[in-house]
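Dear colleague,

Please find below the structure that I am handing over to you. My notes on it follow directly after.

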Amino acid sequence: MKINDLFVQRFVRAQNINIKYLKLLFNDHFVVFLLIAFGASVLGYRQLILSPQLTLIWQSAWWQLFDVLWLIIGLQMGTLVTYFKPADRLYLLSNDYFIAKSYMKRSIEVSTVFASVWQVIFVILLVPVFWQTHVFSFWRVGTLLLFTLSYKLLLLLLLRDSLFLKPRVNLLKYHSRIKYVLFNVIVPGTIMTLILQLPSESIWIFACSWLIVASVCGYFFYIDDKKAGQLALDWTKIVSQAIEHEQRVLHFYATFAEVPNQSRTIKRRKYLDFMIRKLTKQHQVMYRLYLIRLIRDTEVLPLLVRLELVGAVVMYALLRAPIWLIATIAAMTMYLIIFQMIPIYSNTKQKLWTQLLPIDEKAKQKSFQQLAKQVMFMTTILLAMVSLSHGWLTAIVVIIVMYAIGIFLNKLYIPKKIK
């Protein structure tokens, strides 16, 4: 069996799917949001770097902690791409040798390329901060980049090793969270702090030492013919890891475009049960159903919360931005939140038992619009409070704009989407 060809075929198929979704993603409203978000981010970053009020803060040692935390976040970007399917545990059975030797090798190569792009971006974004905090040097930045790239490769190799029935790294085997914190946070954080603290003339010594350590670790994870014949795949972990990665990609696309056939799961959040009891006392049964699906959906609710937090942080960071820009970001945040709520109605409508309920379709739509109106009201309050940091005039303009966009969404956009 040509396992190499199998991975290449799946890689090409996955990229074709990505291209299809990217065409949906780069629609008009996403391009507008992207331009506004990019401009706001550049403006906020420039103000953060050049603001004279922050001169004393740049001299603080706390900025090194920020640098390390930022790079640690960058290390979490990018994972092992395998493209395995649930049926592989049957059709690829007894091909563990070829998968371990060839298929997983290609997987590591592709995953490293994707992950390296993230590491380069995160390091480059820190260069102005290094300059302001007076720790900038080409050797230091180069060593940080070398470390993040090589350490991310080692993390990918460690993840691949965990997909075998008998992994070679058995440290904290039954304590996955502690193992994750150790290898993904504590160890890289300690080494990055050391790189930032070292004198410039000693960094090259550390870079050479790290290259030796990374090479030894890479050789330890290398799979030759002998090792490949002794490895057995843990198909339960392999399939779950591949499906989880695929769902994360689809959820990213679903932020700005409708993705068909996306699986949904629910999880009871007991700490939000009081909201269900409070808000559903004087509402129809369909309103209760939509509210429960919103609160207990494992994807929609966290996504709405993240969108609101991102919008609030961007608005707060624009210290000297014009009022129209802040109001536009607030309006775009409101639109994206409602855009993400639409699948709650469409997915509920697809359930057969909801179609059998003796409830008029207009009543169902009215219940969903009532829930959307409450979400828009809470979003308006949050973003208006954030805009107060820019002055009362900005807060008033934000409230007026969000009220206007709320009327548009509730009267025109939502009815058109759920009809």
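**Aromatic pairs**

At 37% relative accessibility, Trp 118 counts as partly exposed. Please bear in mind that this is a predicted model, and that each value quoted here is computed from it. Phe 122, by contrast, counts as buried, at 9% relative accessibility. The rings of Trp 118 and Phe 122 form a tilted aromatic pair, with 6.4 Å from centre to centre and 55 degrees between the planes. Because they are 4 residues apart in helix H6, Trp 118 and Phe 122 are separated by about one helical turn.

The structure holds 16 aromatic pairs. Another tilted pair is that of Phe 7 and Tyr 83, where the centres are 5.7 Å apart and the planes stand at 50 degrees to each other. This pair links distant parts of the chain: Phe 7 belongs to helix H1, whereas Tyr 83 sits in the loop between helix H4 (62-75) and H5, 76 residues apart. Both Phe 7 and Tyr 83 are buried. Phe 7 and Tyr 83 also belong to a cluster linked by ring pairs, together with Phe 11, Phe 84, Tyr 103, Phe 114 and Trp 235.

**Salt bridges**

Side chains of opposite charge can pair when their charged atoms come close. The count for this model comes to 5 salt bridges, and three of these may be of interest to you.

In one of them, the side chains of Asp 88 and Arg 10 meet with 2.6 Å from N to O. Asp 88 lies in helix H5 (residues 88-91) and Arg 10 in helix H1 (residues 3-25), so that the pair links distant parts of the chain, 78 residues apart. Are these two side chains buried or exposed? Asp 88 is buried, with a relative accessible area of 4%, and Arg 10 is buried as well, with a relative accessible area of 11%.

Lys 101 and Asp 225 form a further salt bridge, their closest N and O atoms being 4.0 Å apart. Here too the pair links distant parts of the chain: Lys 101 is in helix H6 (residues 96-132) and Asp 225 in helix H10 (residues 225-230), 124 residues apart.

Arg 168 forms a salt bridge with Asp 161, with 3.4 Å between the closest N and O atoms. Asp 161 is buried, its relative accessible area being 1%, while Arg 168 counts as partly exposed at 25% relative accessibility.

**Charges over rings**

**Cysteines**

How many disulfides does a search of the whole structure find? The search finds 0 disulfides. Among the cysteines, Cys 208 counts as partly exposed at 40% relative accessibility, and Cys 217 counts as partly exposed at 30%.

**Two buried positions in helices**

Ala 312 lies in helix H14 (residues 300-317). At 11% relative accessibility, Ala 312 counts as buried, because the limit for buried is under 20%. Leaving out residues up to four places away in sequence, Ala 312 touches Leu 383 and Val 386. The C-alpha atoms of Ala 312 and Met 385 are separated by 9.2 Å, although these residues are 73 residues apart along the chain.

Gln 365 is found in helix H17 (residues 361-387). Gln 365 also counts as buried, at 18% relative accessibility. Apart from its neighbours within four places in sequence, Gln 365 is in contact with Tyr 345, Ile 418 and Lys 419.

**The chain as a whole**

The secondary structure comes to 18 helices and 0 strands. Of the 419 residues in the chain, 45% are buried. Among contacts with a separation of 6 or more, 81% are accounted for by residues 24 or more positions apart. The chain exposes about 23,800 Å², of which carbon and sulfur atoms supply 69%.

With kind regards

Notes. Residues numbered from 1 in each chain as written. Predicted model: local features only at pLDDT ≥ 70, side-chain atom pairs only at ≥ 80, totals over all residues. Heavy atoms only, no water. Buried < 20%, exposed > 50% of the residue type's maximum accessible area, 1.4 Å probe, protein only. Disulfide = S-S within 2.5 Å. Phe/Tyr/Trp six-rings, centres within 6.5 Å; stacked < 30°, edge-to-face > 60°. Contact = heavy atoms within 4.5 Å. Areas by Shrake-Rupley, 256 points an atom, 1.4 Å probe, with all protein chains shown as cover.
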